[in-house]
Amino acid sequence: MWRMKPKEHWRQFAVRGESEPAPGYVGHSPLPYPESWYMLMPSAELGAGKVATRRLMGQDVVVYRTASGQARAVRAHCPHLGAHLGHGAVRGENIVCPFHQFAYDADGKIAEVGRGYTDKPKQSTLPVLHCQEANGGIFAWAGTGPPPWAIPEFLTPRHTPARYVTYDVPTHPQEILENGADTRHVLLLHGYGAAPRPAVLEGHILNQDIDLIRPIRPLPPLKLRAEIQHYGLGFSTIRINIAAVGLEQRILVSPRPVEPWRVHMAIGASIRITPPYRSGRGEGDLAQGVMKAVGRAMHPFVTWLLMREVNSDFQIWSSKKYTNPPRVAAGEGPIGPFRKWAQQFYPERPVRLWGNVNDPF
Ligand code: FES
Ligand SMILES: [Fe+2]
């Protein structure tokens, strides 16, 4: 029987032999890194006092959780003599370097020096990233200045907690998100009837609704509405409403660029079942409890269905090239408006994670 592994699992979409299609690019990218929030890891994988290392834009980022539960993300290499803090430890609210045991606080300042030191080195600050925990994930802001917006909470207490699966795909965040605008592929690759509505652009948010029809012969076709929202190029939400069976699925997507043309993509899914009747007085506690239990029981299956669908996208992404300008035919989805909207996330100067003049790394 299929089972979701409790921790993130990795699927590698890489070349396995000459008969396999090659990735579009290796080690370089026709698109720079976009400025955005990216999910570093699911919250559940980082307990209090734990330290982990993740890649972001060609750099190691060390993620740790303090004793009081704060998640933080810092540059991996200690500003003192360069040891990797991924081998360090958490002491109270600080991270401690394994080499000379300097402890760094929330702002990256030295809170304590190691035993035997009488002074702190001058101008020695550990660069920190803006961090936010939302939707069961730990997000970091990768941009030239402070984050101009925050990650919105997308799940309510009535939804099952999001289960995340992480994929390693040779592609770029923009290519992944373009999928929502490319409504023809929904029919031709996934087999759904798809009627797109125009994309609605609101600054860093792009809204795209699609009415979908899934033929499930001999039953009547299933009608769904997918409401997609991109918040920059590093975090998207998809709300899928299957009104006929009282099921709402909420999907969270964060394609984190780890190297040029390589993405670690987290997909989280959550569901909410609504009772097939309306009492007029809202849903009672008992009905809510039962529906939540049904939701939890169905969750692995619904997630598996989603992953099955996404696997066909991975095959395309992991070997495609970036076509610019796109040769779009009449009647296709809003690929042009999506590309124009995406431009705002590429600052004139390349995004530097630790945009700090003092940074020797
Ligand atoms: S290298 Fe980190 S304290 Fe010395
Ligand atoms: Fe797709």
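1. Start with two helices. The axes of helix α1 (residues 173–181) and helix α4 (residues 335–342) come within 9 Å of each other and cross at roughly 140°. Axes here are lines fitted to C-alpha atoms, for helices over the stretch in contact, and angles run from 0 to 180 degrees between N-to-C directions. Helices (H or I, at least four residues) and strands (E, at least two) are DSSP runs, numbered from the N terminus. The crossing of α1 and α4 is right-handed. A crossing has that hand if the near helix is turned clockwise from the far one by less than a right angle, and is left-handed if anticlockwise.

2. Which residues make the contact between α1 and α4? From α1 come Gln174, Glu178 and Ala181; from α4 come Ile335, Phe338 and Ala342. Two residues are in contact if their C-beta atoms, placed from the backbone, lie within 7 Å. By type, the residues of this contact are four nonpolar, one polar and one charged. Ala, Val, Leu, Ile, Met, Phe, Trp, Tyr, Cys and Pro count as nonpolar, Asp, Glu, Lys and Arg as charged, and the others, Gly among them, as polar. An α-helix has 3.6 residues a turn, so residues three or four places apart point the same way.

3. A word on the source. This is a predicted model: local features need pLDDT of at least 70, side-chain atom pairs count only at pLDDT 80 or more, and totals for chains, interfaces and linings use all residues. Residues are numbered from 1 along each chain as its sequence is written, while chains are lettered from A and ligands numbered from 1 in the order in which they are written.

4. Is α1 enclosed or open? Eight of its nine residues are buried, so α1 is largely enclosed by the rest of the structure. A residue is buried if 20 or more other C-beta atoms lie within 10 Å of its own, exposed if 12 or fewer, and partly exposed in between, with C-beta atoms placed from the backbone. Among the buried residues of α1 are Ile176, Leu177 and Glu178.

5. Now the whole protein. It has four helices and 20 strands. Of its 361 residues, 35% count as buried. Take the contacts between residues at least 6 apart in sequence: 59% of them join residues at least 24 apart.

6. One open sheet has three strands in the order β2-β12-β11, paired antiparallel. Two strands pair if DSSP finds at least two bridges between them. β2 and β11 are the edge strands, each pairing on one side only. From one strand to the next, the twist averages 30°.

7. Look at β12 (residues 137–142) and its partners. Six bridges join it to β2 (residues 36–42). Serine 36 stands opposite alanine 142, and proline 42 has glycine 137 as its bridge partner. Four bridges join β12 to β11 (residues 131–134), where glutamate 133 partners isoleucine 138. β11 and β12 form a hairpin with two residues between them, and asparagine 135 in the turn has a positive phi of about 55°.

8. How many residues of β12 are buried? Six of its six. In a regular strand the side chains alternate between the two faces of the sheet. In β12, Gly137, Phe139 and Trp141 lie on one side and Ile138, Ala140 and Ala142 on the other, with both faces covered.

9. Another open sheet has four strands, in the order β3-β4-β5-β10, with antiparallel pairing. β3 (51–56) and β10 (128–129) each have a single partner strand, so one side of each is left without a neighbour in the sheet. β5 (residues 71–75) pairs with β10 over two bridges. Alanine 73 stands opposite leucine 129 of β10.
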